[in-house]
There are 2 protein chains.
Amino acid sequence: MQEKLTLMIPGPTPVPESVLQAIGRHPIGHRSGEFQEIVKRTSNQLKWLHQTNSEVLTITGSGTAAMEAGIINTLSRGEKVVCGENGKFGERWVKVAKAYGLNVEIVRADWGQPLNPEEFRAILEADTNKEISAVILTHSETSTGVLNDLQTISKHVQDHGKSLIIADCVTSLGACNVPMDKWGLDVVASGSQKGYMMPPGLSFVAMSDRAWQACEKSDLPKFYLDLNLYRQAAIKNSNPFTPAINLFFSLEVSLNLLQKEGLDAVFSRHARHQAAAIAGMEAIGLSIFSAKGHRSPAITAVNPKNINAEDLRKAVKEKYDILLAGGQDHLKGQIFRIGHLGFVNDRDVLAAIAAIEATVQSLDKKHQTTGDGIKAAAKILS
Amino acid sequence: MQEKLTLMIPGPTPVPESVLQAIGRHPIGHRSGEFQEIVKRTSNQLKWLHQTNSEVLTITGSGTAAMEAGIINTLSRGEKVVCGENGKFGERWVKVAKAYGLNVEIVRADWGQPLNPEEFRAILEADTNKEISAVILTHSETSTGVLNDLQTISKHVQDHGKSLIIADCVTSLGACNVPMDKWGLDVVASGSQKGYMMPPGLSFVAMSDRAWQACEKSDLPKFYLDLNLYRQAAIKNSNPFTPAINLFFSLEVSLNLLQKEGLDAVFSRHARHQAAAIAGMEAIGLSIFSAKGHRSPAITAVNPKNINAEDLRKAVKEKYDILLAGGQDHLKGQIFRIGHLGFVNDRDVLAAIAAIEATVQSLDKKHQTTGDGIKAAAKILS
């Protein structure tokens, strides 16, 4: 039976009915007082979500647009940046930086392993001429389910004194603690189809005072992603270009839901679902791909060993109408990924574990469904 | 009585219920077969709307993003371009071209007047060294209600032999005839909240073979707006970045509606509403701002003479809940603009004329409502 899809991918994530109802309203003028009120309210709510006093700007575009905006508004041609790369999104920011002629040094870790903060420390300490203008990295590496130690790396960047830190928090913001001001983050980028519990189409970029100072000197060409234009419009609770008005309607509703739940409750919900997913998979005998102690609360990457991950994923979709994510690039067929990000409840997590266990049995005749996955998960959820 | 808003602005435009229902569906995975089918179908429908065999790419972003993409994917730093400028959007493309270091020559006309094709011809003919790489202009200048003679200017560009023609068709596509292939247009940009009868958030850029050839040599930096990435993804009926999935749902429905109506009927609907709006305004004694014979089928700009246009606009909104557009920049207070673009019916046009006439009387005690506006409009509509 189809038409009853449950999304368990790291975006788009499931969307509450009230958010969908809001998106289906008739559009209003984006220069109207009513719309300006929505921009004003959501701007304040976004500051709350980012735990910051800085302005959080909303762009109509994907999370990539927000990250690109953060990079090209704070840097100038030829400047040196250090990019962390331990997955597909880390690779992407290297590509963006190179596309704009930045001088990129890469700190690598194997896919599934976290970036080593000590490597960043060593590079930053060795930079006595203060040539490094920015450290760019992904907090939650969606492709591998790894959570990089953004807090510690940010501390090393603070100690450097000159470099900015630009963070892709697309699948961490709204899933775990990302206190922008407390951690001293300069640019935080995120996207609506993640912890925001919304459809895709809006992205968000928050910039510290230091980032805005760098922005004044930035010479990289831009127009649609020129954050100065967004900042000037934000003063009037407006947008420089016609925004996705209907997505703003839903943004307000989803942020209301998050505020009602409270940040701590949102984070512990994600932690609980993550723990249940991991325990469930391990109890079934499947191994977790990402390194222990460095796992993202948004997504659990699983290595199903002697089963092709794509076969499992397709079977779970076909029989149970649960959409899991596959492995990307060289990991295709090797891992599948369970998204427990955004509007996911305990039932969704239990159902996914049960469906995966039943599917493992159907693909691997040596495997007997014992219910051990559910048993382990239930212990955590209850 | 509020909460019963009628949009008569040049975007966002009114949206049919079926399109709003589609946008409120639960998101699906953007890498799923089901979504690829939507991309495939809408891609073909977009070719139909553009009257082209070229690929039409869909970007999550505003019309400005699509125009910027067209410019920065076909040109290289320092190249010479000729920009038409007779309104706010013409000005914008000059800004974009300059932001990317292009060498801009401007062909100007007063706001309200059309660009003179002869000026383009003269400049292109004089360019015997073939230094001009592109002519950039706005077809329907939304800020003034002027329709520039894109067909004739495009002919002069063809005669030049080397230059591309890049056209902002944001408020002309889906309102009047823009046969991309027949006219030899190289880049056509548009946005969803216009003739598409959709909420804002998607934009579209169609590129000719010549434009793609230029794209291979283009050295301007880009990533989110790199159309090569969109083209590669389009081969697989996909998108390079997470698209606004819910807007794609509505895109398919709105394009179905347009196809059912037929291009000729869509164009004659806009022409009829335009003629009624002009006749109505003139019968009331208000003058049309844009030059006769060069008026956009999307929007009628009106000069209410001894009445402040903003006062009239506010009164029409407050009393009748019809949102008209104001004048932009130096035209603020001098003109108002009636949008008759997209999902507008004869009743909307009649109601707007009637509301404007009644409001003129309330603001100008010398004016008596005679019904002449409706009389003139009805003659055209019936």
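Mentor: A residue is buried if 20 or more other C-beta atoms, placed from the backbone, lie within 10 Å of its own, exposed if 12 or fewer, and partly exposed in between. In chain A, 57% of the 382 residues count as buried. This is a predicted model, where local features need pLDDT of at least 70 and side-chain atom pairs 80 or more, while totals for chains, interfaces and linings use all residues. Residues are numbered from 1 along each chain as its sequence is written, with chains lettered from A and ligands numbered from 1 in the order written.

Trainee: What radius of gyration does chain A have?

Mentor: The radius is taken over C-alpha atoms, and the globule rule is 2.2 Å times the number of residues to the power 0.38. For 382 residues a compact globule would come near 21 Å, and chain A agrees with its 21 Å.

Trainee: How far apart are the end C-alpha atoms of helix α13 of chain A?

Mentor: Helices are DSSP runs (H or I, at least four residues), as are strands (E, at least two), numbered from the N terminus. The expected span of a helix is 1.5 Å times one less than its number of residues. Helix α13 (residues 346-363) of chain A has 18 residues and should span 26 Å; its end C-alpha atoms are 26 Å apart, which agrees. Its buried residues include A:V349, A:I353 and A:E357.

Trainee: Which elements do the buried residues of α13(A) pack against?

Mentor: Contact requires C-beta atoms, placed from the backbone, within 7 Å. The partners in chain A include β1 (6-8), α11 (263-284) and α14 (372-381).

Terms used: Contact = placed C-beta atoms within 7 Å.
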